[in-house]
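Hi everyone, thanks for making time today. Let me put the structure up on the screen, and then we can walk through how its parts meet.

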Amino acid sequence: MSSYAYTLLIPLIPFFVFVCVGMAEDKLKGKLGGLIGTAGLGIATFLSYYTAFKYFVADHVAGTGYTSLKAFELTWLHLTDKLTINLGILIDPISVMMLVVITTVSFMVHIYSLGYMEGERGFARFYAFLSLFSFSMLGLVLATNLFQMYIFWELVGVSSFLLIGYYYEKPSAFSAAKKAFIVTRFADLGFLIGILILSFNTGTFDFKELTNPHGVAIASMGGAAFMGLSVITWALIFIFIGGAGKSAMFPLHIWLPDAMEGPTPVSALIHAATMVVAGVYLVARLFPVYALGGPDALHVVAWVGGFTSLFAAVIATTQTDIKRVLAFSTMSQIGYMMLSLGVSGYGGEEGLGFMASNFHLFTHAMFKALLFLGAGAVIHAVHSNDMNEMGGLRKYLPITHMTFLIACLTIAGIPPFSGFFSKDEILAAAFNSNKILFGIEYFVAGLTAFYMFRLYYNIFWGKDRHYHHTPHEAPLVMTIPLMILAFGSVFSGFLPFHNLVTSDGLGFESHIDWMIAIPSILVGVVGIAIATVMYKKETALPDKVAGTFKYMYKWAFHKFYIDEVYLFVTKKIIFNYISRPVAWFDRHIVDGTMNGIAGLVQFASVSIKGLQSGRVQQYAFVFVTGAIALVLIYVYVL
Amino acid sequence: MNILTLFVVIPTLTIAGILFTKDLKQSRMVSAIGMTLQLILSAVLVYLYISERQAGNMAPMLFTFDALWIPSLNIHYAVGVDGISVAMIALTGVVVFAGIFASWKMEFLSREFFISLILLATGVFGFFISLDLFTMFLFYEIAVIPMYLLIGIWGSGPKEYSAMKLTLMLMGGSALLMVGILGIYFYSAPAGSPLTFNVLEIAKHQIPIEMQRFLFPFTFIGFGILGALFPFHTWSPDGHASAPTAVSMLHAGVLMKLGGYGAFRVAIYLMPEAAHEQAWIFIILTSISVVYGAFGAIFQKDLKYINAYSSVSHCGLVLFAVLMMNQSAFTGAVIQMISHGLMTALFFALIGMIYGRTHTRMINEMGGLMKVIPFLGVVYVIAGLASLGLPGFSGFVAEMTIFFGAYEHVDTFHRVATIVAVSSIVITAVYILRVVGTLLMGPITDKHFLHLEDANWYERLSTITLVLGITFIGMAPFWLSDMIHFSLAPLMAKLATIHLPGM
Amino acid sequence: MIGNISLNSFLVISTLMFFIGIYGFLTRRNLITMLMSIELILNSVNINFVVFNRFLYPNQLQGHFFSLIVIAVAASEAAVAIAIIINIYRNFKSIDVENLDQMKF
């Protein structure tokens, strides 16, 4: 117990809001449910900011590192002799940083939704689910041990499921929710197996013990090998599968684009800023184990991240649904974060990638939430997701336009916006470690600028469309969050992350390496320039380009047919070639055997029932013959 | 009177009371009163048990009572409970209570229906309190026989076929069990001492290993048939599908648990050496059960079939855990029994209620029900999430305890089996979400459904009781797991005397 | 007088009666005749009882008593059987044993 015990309230307040609003859903008239939810989260946000201030500034002794401390812990269940599941609250730089990110974005989304979701059926239900999500996500980042994280990991998954399927009467929404849940569940299977292996070999779930670089846990990890890699490396790879599922890394990314079926504020909160970075957070949380115990696993992380960022960026250039463009952009950016973790080392300057990853996570949360909420405002105005049905909206939606532009510049890495700083650190980390990945990331930076400005021009410039009714700017409850997030996107780049969030808790000196930064700015500018030429005015150019790269375009447009592959595996193979035969086997072989036994008995009885003829004389004859036979046997044989 | 004997006396009195009633209203009222008393009694028992333990009573069984019944065979009426049986009794109390309210509108031969239902419950309660193998077997049979009547008379679909199949297969199990129990009896004491049926007495003595090898499969399969052990599970889908709601609830919720409990209390406890030797065969079978049941459920279209296959999978996990033979796995097995009991009872109750409204159980004939029957829809989603092992509900605690317990074995065989079992969590998610999606989500497919009414008070009472049970265990598993943990001490001590790796 | 007749002669006659009875029971189709055949069998047994008593244990009476019991049983049996036969006749309009094969399976 410590002076941070009050932090228990941060997750618990949303939980109580969820229970209360959820129970009384149909009785809460009008916006009451939303207001309760927003107020609850407002308190949580305030407490988080207070915690951040207290942890990073007030309680911090200058010159020392940041230590992690447990604010609260209780024993929940004795799992085995050695393993105990605790629930508690861990305060350390990354968890405090995540607290700020989650509560900020969540609070903004709560306010925004008061306008966006107005008049929807089940308004209170929406807020109940949002609160459930906030509770689970906060519980996840505050987890003191791996198992608590898994518990909240699952809860986050289910709240995401409930929110994607919010419009449950729309079949596409529910099937998207189902897909998201099952894909992440499959990844969680990997996570669980990883936990099983890791906890068995180290005898603990506790993060503090696991990640202590001088502790028993890391020391005990050499151990047995399996297929060329140590057992711990396997465990870490399995755990990463879990993280990859939540963070939509290739090839477990297929649920994220579909998840855009949910209401837009949900996409902003869950599928852009918070839940999808849980995978990054997981790897960051276990980072010392990865860096010191299983460097091979870290390479996997880096390559998966790098590949995903490229893959998603290519697809993003071809999509026409504005939310899907943003979804692929999210995947690409998370790929960056993963890569950055993957190339990082442990401690001091070596840990640049770790710091950069968290930095990018922070800035990305701001600008991506902003992009999604901006897209929400656009959708709110024109009632469509398709960018082909938009154009020239800058006149109608001035605030949205400005904030969207800021966000686009931020993600494109143009200084002095925050994205520039965090992306630059990632590129620097990659440059120090792996030149191929560094090259990929350079290219992706250009692609990012291109597709973001393609989106921007298609929405706000281009030909003025004829709309059914004139689009109008969103109400203040929606634009204020946009402005606050825009403010965050602009200025969060100046936060001294290299002093606050580092792999070993100690700060280090960091400066911008202009040799890397200037080319990256140039790449961004080139991307923007190409997009300007192609999309600012409606020309035939885009079609021509698409025509030139016909097959490439077609593949990218269809997301490289990954969905179809999955569909083939699930529908054809699992359903038709496993489940159907199992059902058949059960009915005909197993049950058939049982029925066969019954049939055999029946057959036997039919074939001997003729003896029971009902004729008295026949019975008597058999009886007498038997008696005589017995007598004869008795007399002559025995 | 001994408090445990009351668990048999109250249902008996209730049955006697029902005999004097005239119509549905009276008989259901008498049953409801009787089973409410029983539920209260279960709660009292839990309270007494915990306070007794806290007072420092370390006896393996509490509230024991012993009376000689048949002297020539040394058969006793011996009762006593430990934490495990207390938990099972509490489960039974809750499920029977919910079951009575789920059959509130049983118009056809209502008196006889409630009599049979409560007779079945009597058998189950008696089974859980018994310490004497003979009385245990007797109560087991009392629980199985009414099932035939309940399905055959009040069932639906091919009810005679299902009732016959279920009864014959369970009777087959009883026959094997009889061999096992008699065998145990004849080797229950060292030469010269009187033979006994008392579990505690037998446990003090070591049955010769040759006899164990012979008797263990009989006993384990005998109980395993009731616990839906692959490939002896096929009575379960047909039986559940044809049975009326309350009977499905009781059968899947409680009666199938007799299998797991018996396998644990008799087969493993009395014959640990043979269990250890032969476990691998049954571990293979149960791992198959777990995955196979889940795959089987994906393909089904009838709600009750889906749930029956899901039960095969979940009960397979119980037996799987029992065979892992270490403390955590045993604890997990008991929690899983309770959790599955509550969950599956809830499922069957909901299926019955939905069927009562839509008159179909085929999922492809339904859709969009969430909009018209939100209460039942929400509870169905909760049951589904609990079933696929969401934290906060009991299924998660049980599964995790089992998986971690099973993974404690260091050899490859057990670990592969564990990972196979773990993979069921994904398959479970697939079929649960498929049902939830088709049944509740999407647009309403049939305009007749527009006028359906949501749950009545007695339906709400029945489902909320079960949901509370599931959430309570899910949120605060420690009291249950500690209660079980303590009661495993005698068994663990016995296992420790034989050298087993991985303990 | 009876002393001149050997045991064998009695046994021969009783055996003959017994098998005649058996033969009658197996071959006759009329229920009444079958009943009469049973009476023959019973009487052959009675003869055996009495004769064995006379030759083996002349001072005791168990054999006589037993044959009396058999006679009593036979009488009541005849009464019951005839009652059954009458009922069968009422239902089937026949006392032919070939028609009475309903009691099967």
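**How the chains meet**

Let's start with chains C and A: their contact takes 15 residues from chain C and 13 residues from chain A, where contact means heavy atoms within 4.5 Å. Before I go on, a word on the ground rules: this is a predicted model, where local features need pLDDT of at least 70, side-chain atom pairs count only at pLDDT 80 or more, and totals for chains, interfaces and linings use all residues. Residues are numbered from 1 along each chain as its sequence is written, chains are lettered from A and ligands numbered from 1 in the order in which they are written, and side-chain values use heavy atoms, with hydrogens and water left out.

Back to chain C and chain A. About 1,100 Å² is buried between them, with carbon and sulfur atoms giving 63% of that; buried area is the accessible area (1.4 Å probe) that two parts lose on being put together, summed over both.

Now, which chains have the most contacts among the two pairs that touch? That would be chains A and B. Here 58 residues of chain B are in contact with 48 residues of chain A, and the buried area is about 4,800 Å², 75% of it from carbon and sulfur atoms. On the chain B side, B:Phe299, B:Phe404 and B:Leu433 lose the most area to chain A, together 15% of what that side buries.

How many salt bridges are there between chain B and chain A? The count is three. B:Lys371 and A:Glu169 meet in a salt bridge through their side chains, at 3.2 Å, N to O. As for chain B and chain C, they do not touch, and their nearest C-alpha atoms are 20 Å apart.

Over all chains, the salt bridge count comes to 19. Let me also show you A:Lys70 and A:Asp206, whose side chains meet in a salt bridge at 2.7 Å, N to O. This pair links distant parts of the chain, 136 residues apart: A:Lys70 sits in strand 1 (residues 69–78) of chain A, and A:Asp206 in the loop between helix 6 (171–202) and helix 7 (207–211) of chain A. Helices (H or I, at least four residues) and strands (E, at least two) are DSSP runs, numbered from the N terminus.

Conventions. A salt bridge is a side-chain nitrogen of Lys or Arg within 4 Å of a carboxyl oxygen of Asp or Glu.
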